[in-house]
Amino acid sequence: MPGPTLEMEPVEPQSLKKLSLKSLKRSLDLFSPTHGQFPAPDAESKKIRMSQKINVEYGGIKSAPGQPSRQANSGSANAGNQGAAPSNALALTGPGTQNALVVGPSLQPKGQNDVGTSGKSTSMVSASAPFSERLTTSAIIERIPSKWPRPVWHRPWKNYRVISGHLGWVRSVAFDPSNNWFCTGSADRTIKIWDVASGRLKLTLTGHIEQIRGLAVSSKHTYMFSAGDDKQVKCWDLEQNKVIRSYHGHLSGVYCLALHPTIDVLLTGGRDSVCRVWDIRTKMQIFTLAGHDNTVCSVFTRPTDPQVVTGSHDSTIKFWDLRTGKTLSTLTHHKKSVRAMAPHPKEQSFASASADNIKKFSLPKGEFLHNMLSQQKTIINTMAVNEDGVMATGGDNGSLWFWDWRSGHNFQQAQTIVQPGSLDSEAGIYALSYDVTGTRLVSCEADKTIKLWKEDETATEQTHPLNFKPPKDIRRF
């Protein structure tokens with residue numbers, strides 16, 4: 001027969017977490033009856049620990065000039081030893097001022113011929129300083145004035161005229177060397193010539209079958225050169241107002257154009273990733289400067305080596321030897337397409353712009369000087385520099401920023417206003433150019449207008465103060 005059955009008490013189902021906490025509590029109750037209290041601080045161990053920390057952090061720093069008495073009082077027992085040789089003794093004051101730490105002298109004794117310290121003092125962090133300041137060594141580091149050049153004050157620029165005449169995006173601009181007129185090329189396939197003083201239209205030239213991306217006016221001949229997306233490079237005789245030469249050879253659209261300042265040579269760069277060198281008179285192609293991996297979108301020339309500098313969508317800048325047609329050097333500082341470059345009219349330097357940054361380089365070696373101190377945060381299509389050291393950069397979002405060339409300080413951020421009837425997205429700036437004097441700036445924009453800018457004559461240093469803060473960390477690349 002089966003024996004009597006014992007009724008078992010029902011076991012409450014408990015989670016693993018609850019059981020673990022119960023076990024932990026039992027262990028604490030068993031082994032540590034005072035587990036809710038912190039152990040009493042050990043003054044000796046704290047003293048050793050703090051002395052070690054101070055010795056590591058401030059071992060090479062002398063005590064502050066205003067705290068000799070504390071050092072003398074705290075180290076009175078070791079006065080005889082201190083007279084013999086310097087020590088790294090670290091004195092702790094009483095319990096009332098536990099944070100006031102005094103560092104003893106740790107440097108070698110100076111001889112008779114040693115030069116004394118200068119008048120510049122390095123002070124310790126006081127006991128009453130905030131906790132964040134006591135954690136850093138900034139209070140004992142000697143304050144070195146910034147070596148960054150202070151920017152020159154420039155008057156802000158303002159828009160004083162809007163010219164509306166093109167039927168498409170205005171993509172290029174060039175000034176006549178006599179400063180009487182300027183020409184603009186547009187996506188409506190025309191080149192228009194405007195009077196600088198009045199802004200009136202003087203002439204319209206037709207001949208291209210695609211938008212005109214590059215313009216240049218010769219200072220030695222009565223010639224104007226144009227290049228466009230139709231792969232054509234044309235030479236216009238301004239006495240007859242017609243095309244007299246065409247330069248054939250580009251395999252795709254031509255994006256940029258430049259005239260050599262001293263010899264009769266024309267340079268064009270395009271979407272076929274090469275920069276072509278043309279003889280103006282014979283229409284012959286002298287060199288094909290090949291080496292870029294993507295569209296050559298900016299080029300400028302100089303009378304001395306490097307005579308040709310090109311920027312490309314492959315994010316590199318190349319210096320070229322015009323005698324051999326070979327690359328002299330390649331600058332790889334940019335991370336994005338180098339869409340615009342501008343040489344300084346007086347200094348041996350140039351600036352290049354891409355979406356990541358605007359950088360300044362020296363010539364002729366191409367050494368990196370510095371970045372501009374702000375970021376425009378947009379695709380920069382064009383830039384121009386005048387002799388006064390004012391650099392203007394135009395962005396795809398309609399931003400027109402003005403910079404001090406020497407320091408890289410951005411002293412004005414203007415925003416172009418689209419003409420009535422245009423979309424806000426048509427606020428892009430495609431081309432910028434100063435006139436010969438550098439006192440007028442022309443911007444060519446996506447709302448089919450041409451805007452003229454000049455300095456605000458009423459502005460003073462009091463009405464528009466210079467808000468400049470030198471950079472703390474200088475990027476070396």
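The side chain of Thr190 makes a polar contact with the side chain of Asp188, at 2.7 Å. The model is a predicted one. Thr190 belongs to strand E6, which covers residues 190–195. With a relative accessible area of 11%, Thr190 is buried, because buried is the class for values under 20%. Apart from neighbours within four places in sequence, Thr190 is in contact with His166, Thr184, Gly185, Thr204, Leu205, Thr206 and Ile212.

Charged pairs come next. Side chains of opposite charge can pair when their charged atoms come close. The count of salt bridges in this model comes to 11. One of the pairs joins Asp456 and Lys158, with an N to O distance of 3.8 Å. This pair links distant parts of the chain, 298 residues apart: Asp456 is in the segment after strand E30 (449–455), and Lys158 is in strand E3 (residues 157–164). The two partners fall into separate accessibility classes. Asp456 has a relative accessible area of 15% and is therefore buried, whereas Lys158, at 36%, counts as partly exposed.

Another salt bridge is formed by Arg213 and Asp229, whose closest N and O atoms are 3.2 Å apart. Arg213 and Asp229 are both buried.

A further salt bridge brings together the side chains of Glu387 and Lys346, at 3.9 Å from N to O. Here the link is between two loops: Glu387 is in the one between strand E24 (380–385) and strand E25 (390–395), and Lys346 is in the one between strand E20 (340–343) and strand E21 (349–353), with 41 residues separating the pair. Glu387 has 47% relative accessibility and so counts as partly exposed. Lys346 has a relative accessible area of 57% and is exposed, because that class holds values over 50%.

Lys220, Asp264, Asp279 and Arg281 are linked in a network of them.

Technical notes
Residues numbered from 1 in each chain as written. Predicted model: local features only at pLDDT ≥ 70, side-chain atom pairs only at ≥ 80, totals over all residues. Heavy atoms only, no water. Salt bridge = Lys/Arg side-chain N within 4 Å of Asp/Glu carboxyl O. Helix = DSSP H or I, 4+ residues; strand = E, 2+ residues; numbered from the N terminus. Buried < 20%, exposed > 50% of the residue type's maximum accessible area, 1.4 Å probe, protein only. Polar contact = N/O pair within 3.5 Å; in protein donor to acceptor, adjacent residues only side chain to side chain. Contact = heavy atoms within 4.5 Å.
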